[in-house]
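Dear colleague,

Please find below the structure I am handing over to you, together with its sequence. My findings follow it.

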Amino acid sequence: MSDQTPRPGSVALITGGAGGFGRALATRLRDADVRVVLADLDSERNRGVGEELGVGFAVLDVADHAANVAVVAAVEAEHGRLDAAFLNAGIAGSGTTDALDVEEYLRVVGIDLHGVVYGTDAVRPALRRAGGGSVVVTASLAGLSPMPTDQAYSVAKAGAVAFVRSMAPVLHPEGITISAICPGFADTSIIDPLREHFAAADFPVLTADEVAAAMQAAWAGADPGAAYVVQPGVGAVPYRFQGVPAAKTATGESARIPGALRGPL
């Protein structure tokens, strides 16, 4: 993944924009003369982030498909185009493993997975109208190596990675690249309940800016469908997915998947 600078004047939408990753990314893009719109839940604090950084702010519940479509329409109406979408909104579960908390499970999956699916569907026409663009999904290392302490989060992030990989060959012919970044533990509010344990173990955590740097690089330099692991001291490296055994024909040869099932890539 090359670290290319976005074209000045481009327009970028960041969901979950008022959190640590969103704020750090918005700062980077603003300094690169990108027109940024943060999208997040309506609160005085969240609106204040946009005002503090001097970027746009839109109210958005990412788990609401119609709301995603409306926000994209508003961004296009104000700025005339959309070049990149960073689908970054996410929450973690409580870590309780005694019994399933159905309400919490649905909330985590609604934001972390459905928010990615709905967001991609909403921005796709706008990116096409702009002549192509990029969708960067904030997944997690938990989407590649599930966490036994947070099944809902693991399910949602693994689903987000799978969605990125399945959509890449569909979007690529339209000039749209979709990719995922999979950070390890990072210095955001999600690790607050465990922060003292990281400190006691002298365990390194990512800064928000390290993750934002990977997100920015993925805008212009990511391979379609790629998932980049982001770890302290390592940087962003592509995850190598292991292939599955192929079906065998009656003569013992590996069967080829029909072209219609492989997609256009």
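Lining the second largest cavity are Leu-13, Thr-15, Leu-60, Asn-68, Val-72, Leu-87, Gly-119, Ala-122 and Val-123. Please note that this is a predicted model. The volume of the second largest cavity is about 30 Å³. Strand E1 (11-15), helix H3 (65-79) and helix H4 each supply at least two residues of its lining, and H4 gives the most, with three residues. By class, the lining of this cavity comprises six nonpolar, three polar and no charged residues.

In total, the structure holds two cavities of 30 Å³ or more. The largest cavity has a volume of about 50 Å³. Its lining consists of Thr-15, Val-62, Leu-87, Asn-88, Ala-89, Ile-111, Gly-115 and Val-116. Helix H4 (residues 102-129) contributes the largest share of that lining, three residues.

As to the pockets, the second largest pocket contains about 220 Å³ of space. Of the 14 residues lining this pocket, Arg-165, Pro-224, Gly-225, Ala-226 and Phe-241 lie nearest its centre. Helix H5 (151-171) and strand E7 (227-231) are the elements that give two or more residues to the lining of the second largest pocket, with H5 giving the most, three residues. The lining of the second largest pocket has 10 nonpolar, one polar and three charged residues.

I turn next to the nonpolar cores. In soluble globular proteins, nonpolar side chains tend to be buried together. The largest nonpolar core here has 44 residues, of which Leu-13, Leu-82, Val-123, Val-135, Val-137 and Ile-178 touch the most other members. Leaving aside residues up to four places away in sequence, Val-123 touches Leu-13, Val-72, Leu-82, Ala-85 and Val-135. Another core, of 32 residues, lies apart from the largest one and includes Ile-14, Ala-26, Leu-53 and Ala-208.

Finally, there is helix H7 (residues 208-221). At 1.5 Å a residue, its 14 residues should span 20 Å, and this agrees with the 20 Å between its end C-alpha atoms. Because 10 of the 14 residues of H7 are buried, the helix is largely enclosed by the rest of the structure. The buried residues of H7 are Ala-208, Val-211, Ala-212, Ala-214, Met-215, Gln-216, Ala-217, Ala-218, Trp-219 and Gly-221.

Yours sincerely

Conventions. Residues are numbered from 1 along each chain as its sequence is written. This is a predicted model: local features need pLDDT of at least 70, side-chain atom pairs count only at pLDDT 80 or more; totals for chains, interfaces and linings use all residues. Side-chain values use heavy atoms; hydrogens and water are left out. Helices (H or I, at least four residues) and strands (E, at least two) are DSSP runs, numbered from the N terminus. The expected span of a helix is 1.5 Å times one less than its number of residues. Buried means under 20% relative accessible area, exposed over 50%, partly exposed in between (1.4 Å probe, protein chains only). On a 1 Å grid over the protein atoms alone, a cavity is a set of points where a 1.4 Å probe fits but cannot get out, and a pocket is an open set with protein on both sides within 12 Å along at least five of seven lines; lining residues have an atom within 4 Å of a point. Grid points are joined across faces, edges and corners, and a volume is the space filled by probe spheres set on the points. Ala, Val, Leu, Ile, Met, Phe, Trp, Tyr, Cys and Pro count as nonpolar, Asp, Glu, Lys and Arg as charged, and the others, Gly among them, as polar. A nonpolar core is a set of buried Ala, Val, Leu, Ile, Met, Phe, Trp, Tyr and Cys residues joined through side-chain atoms within 4.5 Å. Contact means heavy atoms within 4.5 Å.
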